[in-house]
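Got your viewer open and a selection tool ready? Load the model below and let's walk through it stop by stop.

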Amino acid sequence: MHLAVFTQCSPSPQFKGMWRDPQDRSAEGYKRLAHWTALAQRLEAACVDTLFFADVFGLYDVYQGSWAPAVRHGVQVPMIDPTLLLPAMAAVTEHLGFAVTYSTTYHQPYHAARLFSSLDHLTGGRVGWNMVTSYLRSAAENGMGEFLDHDVRYDRADEYVEVVRALWEDSWEDDAVVRDAASDTFTDPDRVHEIGHAGKWFAVRGPHQCEPSPQRTPLLFQAGASARGIDFAARHAEVVFLTLADPETGAKKVAELREAAARAGRDPQSIKALQGSMTMVGADRDQARARARLYSQLWSGEGQLAKWCGWMDFDIAAYPDDAPVSDIRGQASHSFLDFLRRLSPDREWTVGDIRYIASRPRRARRDAPMMLFGTAEEVADRMEQWLEIADVDGFNLVPCPPSVAIDDICDLLVPELQRRGMFRTAYDPAEGTQRERYFGAGVHHYPKGVR
Ligand SMILES: Cc1cc2nc3c(=O)[nH]c(=O)nc-3n(C[C@H](O)[C@H](O)[C@H](O)COP(=O)(O)O)c2cc1C
């Protein structure tokens, strides 16, 4: 089983309002290296596979047609650039892997290729790229590129991946760097190649600027579950973040992903599926309930609305309560609304429903959708069900409330999983790169023939 832990480089990752907890350290800590290096060491001591940084470019400005609610409630703003933290965290750890989000819409592929090769060198092959197409228009209004429609963004992203992979895989031969002092040759130019890419969206001549890094292609992560998103994942991704409601209905989505991989000519099991779950664990039931109460008390309904409107690309404040959601089609995340609809497929969802759900904290229950809640034993039981029924390969744990949940995961949940033999008690020293952590010792490189 694989475990990733979710975070963001902003106050109280994911759960709005939680920075108000007096125990919170994230509001100050997110901009301090010591906060991040301590987190990396903590997760490494718990043998976690991956620290995952979600990230966006731009501000959430859809709700009420303004960025003010997002700024007021700290909805992924203020936020710093996560890529800069990785070398510092790698310097104080040996095994922990990192996955960092980087947009195919708002950054150029030549730049992305150099950035990720640099990170792969500096982390000793422990970097992963969460390939996202981005859902906020506001970045485009700041000169970062063009905000295209949902499916077109994925079309462009397909070509983007083709370009960066050509730079990583085809540009420099393994033995290009010769360092031959006698002939004053650092690199043999005959073993370095242009990629000559001229496509619909990009013209990139190459060569790549970096020599091959330990993994060459960083471990490729993906998160986006619309039909087009699954198609994109099936073509390129090695690890997929899913947000499934429950093991029974989730099994269908995982099967869809694996079938799509088979259609793309890949081994269906060569994609690792990680279920994303809000994770609230207590030493006993009373403490678990206390965590849930704390989360509810600190909850910021307006912050959540600002976030959801950004995810959906429509302003909930601009519609009457009885407006059917199916009549509104934004260009941000399609899978998010589809997900809500699947929770209750027999009725017509309205704007009022969305407003109601968004503005209230979620009720903590052991079998609540997308939630791992309870004592460590109860959560481990639920995780076993997920693994058996849904055919997932692990979890992307979203710690809640963020002020205490990292400790709860490391001190309560992981030891229980280890007691059951569900999770490693030490890293395998033969697995040096992050790809090896997921696919076994010796598997440094992206599988051949997958393009
Ligand atoms: C677990 C998870 C994490 C995500 N993290 C990010 C992120 O950090 N940044 C981002 O721009 N999009 C993120 N997304 C959004 C997706 O990458 C995608 O752009 C969005 O869901 C729209 O695509 P879809 O309609 O195919 O789902 C995430 C989605 C999921 C499910």
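Two bits of housekeeping first. This is a predicted model, in which local features need pLDDT of at least 70 and side-chain atom pairs count only at pLDDT 80 or more, while totals for chains, interfaces and linings use all residues. Residues are numbered from 1 along each chain as its sequence is written, and side-chain values use heavy atoms, with hydrogens and water left out.

**Stop 1: the ligand**

Helices (H or I, at least four residues) and strands (E, at least two) are DSSP runs, numbered from the N terminus.

Next, look for polar contacts, meaning pairs of N or O atoms within 3.5 Å; within protein, one must be able to donate a hydrogen and the other to accept it, and residues adjacent in sequence count only if both atoms are side-chain atoms.

- His 150: a polar side-chain atom sits 2.6 Å from a ligand oxygen.
- Tyr 154: a polar side-chain atom is 2.7 Å from an oxygen of the ligand.
- Ala 225: here a polar backbone atom is 3.0 Å from a ligand oxygen.

How much of the ligand does the protein bury? Taken alone the ligand exposes 610 Å², and 89% of that is buried by the protein. Accessible areas come from the Shrake-Rupley method with a 1.4 Å probe; for residues, only the protein chains shown count as cover.

**Stop 2: salt bridges**

Side chains of opposite charge can pair when their charged atoms come close. The rule here is a side-chain nitrogen of Lys or Arg within 4 Å of a carboxyl oxygen of Asp or Glu, and by it the count comes to 32 salt bridges.

Select Arg 228 and Asp 158, whose side chains meet in a salt bridge at 2.6 Å, N to O. Arg 228 lies in helix H7 (residues 227-236) and Asp 158 in helix H6, so the pair ties together parts that are 70 residues apart in sequence. Are these two buried or exposed? Arg 228 is buried at 13% relative accessibility, and Asp 158 is buried too, at 10%. Buried means under 20% relative accessible area, exposed over 50%, and partly exposed in between (1.4 Å probe, protein chains only).

Then jump to Arg 289 and Asp 286, a salt bridge with its closest N and O atoms 3.2 Å apart. Both residues lie in helix H9 (residues 285-298), three residues apart, about one turn of the helix. Arg 289 is partly exposed at 44%, while Asp 286 is exposed at 52%.

**Stop 3: a surface patch**

Show the surface and select Leu 59, Trp 67 and Val 71, a nonpolar patch with about 270 Å² of accessible area together. Patches are made of residues with over 30% relative accessible area and no salt bridge: like charges are joined within 9 Å, nonpolar side chains (Val, Leu, Ile, Met, Phe, Trp, Tyr) within 5 Å. Trp 67 is in the loop between strand E2 (50-54) and helix H3 (68-73), and counts as exposed at 51%.

**Stop 4**

Ser 12 is buried at 1%, whereas Gln 64 is partly exposed at 43%.

Finish with the cis peptide bonds. One joins Val 77 and Pro 78, with omega about 0°; Pro 78 is in the loop between H3 and helix H4 (86-91). Another runs from Cys 400 to Pro 401, with omega near -10°, and Pro 401 lies in the loop between strand E13 (394-399) and helix H14 (402-419).
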